[in-house]
Amino acid sequence: MSGFLITTTLFGQLDRSGRVQPWTFFARLLVRLLPAALTVLLAVVVVTRWALPESMWGQTARESIASSLYAQNWYLALTSTDYLGEFEEKTPVQHFWAMSVQGQFYFAWFFVFALIAILVSRTSKRPTTIAG
């Protein structure tokens with residue numbers, strides 16, 4: 001669903017201006033995604049001090065930073081975290097791996113879409129009109 005919505009947004013930009021606009025695209029994306037994500041992450045960090053044992057504070061802080069940078073999936077992979085591990089302690093932000101993948105998809109898809117748009121515009125024949 002996200003791929004469909006992001007693609008229609010990019011086609012809309014292309015249709016309106018004849019090109020994709022990276023600053024507009026990424027600014028809208030950040031305004032839409034960051035406030036809610038950062039609010040949740042900040043709340044988790046604050047509540048962690050009261051709700052979790054001290055042994056979890058450092059890990060939760062590191063994962064919160066990774067999540068705020070949309071890199072939680074890479075952090076979990078690099079630290080060999082078993083997301084489904086029955087006996088591993090889980091932080092409250094471990095599920096942000098899905099948001100990280102989505103953010104990375106948006107970033108990568110923008111550049112793939114832009115590259116395709118450039119290639120199509122260079123190879124397609126432009127309609128000519130005859131002035132009379």
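Trainee: Which helices do the buried residues of H5 pack against?
Mentor: They pack against helix H1 (2-17), H2 and helix H4 (72-78). Keep in mind that this is a predicted model, where local features need pLDDT of at least 70, side-chain atom pairs count only at pLDDT 80 or more, and totals for chains, interfaces and linings use all residues. Residues are numbered from 1 along each chain as its sequence is written, and side-chain values use heavy atoms, with hydrogens and water left out.

Trainee: Okay, and what do helix, pLDDT and buried stand for here?
Mentor: Helices (H or I, at least four residues) and strands (E, at least two) are DSSP runs, numbered from the N terminus. Buried means under 20% relative accessible area, exposed means over 50%, and partly exposed is in between, using a 1.4 Å probe and protein chains only. For packing, contact means heavy atoms within 4.5 Å.

Trainee: Which residues of H5 are buried?
Mentor: Ser-100, Gly-103, Tyr-106, Phe-110, Phe-113, Ala-114 and Ala-117 are.

Trainee: How far does H5 reach?
Mentor: H5 has 27 residues and spans 39 Å from its first C-alpha to its last, close to the 39 Å expected at 1.5 Å a residue. That expected span is 1.5 Å times one less than the number of residues.

Trainee: And H1, what does it reach?
Mentor: H1, with 16 residues, reaches 23 Å between its first and last C-alpha, close to the expected 22 Å. Its buried residues are Ile-6, Thr-7, Leu-10, Gly-12 and Gln-13, and what covers them includes H2 and H5. After H1 comes Gly-18, with a positive phi near 85°.

Trainee: Switching topic: how many aromatic pairs are there?
Mentor: The count comes to 10 aromatic pairs. Rings of Phe, Tyr and Trp (its six-membered ring) pair if their centres lie within 6.5 Å; planes under 30 degrees apart count as stacked, over 60 as edge-to-face and the rest as tilted. One of the pairs is Phe-25 with Phe-110, which is stacked at 5.0 Å centre to centre with 25° between the planes.

Trainee: Why does that pair tie together parts that are 85 residues apart in sequence?
Mentor: Because Phe-25 lies in helix H2 (residues 22-51) and Phe-110 in helix H5 (residues 97-123). Phe-25 is buried at 4% relative accessible area, and Phe-110 is buried at 3%.

Trainee: What about Phe-105 and Trp-109?
Mentor: Phe-105 and Trp-109 are stacked too, at 6.3 Å centre to centre with 5° between the planes. Both lie in H5, 4 residues apart, about one turn of the helix. Phe-105 is partly exposed at 34% relative accessibility, and Trp-109 is partly exposed at 24%.

Trainee: Which residues do ring pairs link into a cluster?
Mentor: Phe-25, Phe-26, Phe-107, Phe-110 and Phe-111.

Trainee: Now Glu-63. Is it buried or exposed?
Mentor: Glu-63 is buried yet has no salt bridge; the nearest side chain of opposite charge, Arg-62, is 7.4 Å away. A salt bridge is a side-chain nitrogen of Lys or Arg within 4 Å of a carboxyl oxygen of Asp or Glu. For charge, Lys and Arg count as positive and Asp and Glu as negative; His and the chain ends are not counted. Glu-63 sits in helix H3 (residues 57-68).

Trainee: What does Glu-63 touch?
Mentor: Not counting residues up to four places away in sequence, Glu-63 touches Gln-72, Tyr-75, Leu-76, Thr-91, Val-93 and Gln-94.

Trainee: Where does Tyr-70 sit?
Mentor: Tyr-70 is in the loop between H3 and H4. Its phi is near 55°, a positive value in a residue other than glycine, and Tyr-70 is buried at 13% relative accessibility. Ser-80 has a positive phi of about 55° although it is not a glycine, but Ser-80 is exposed at 62% relative accessibility.
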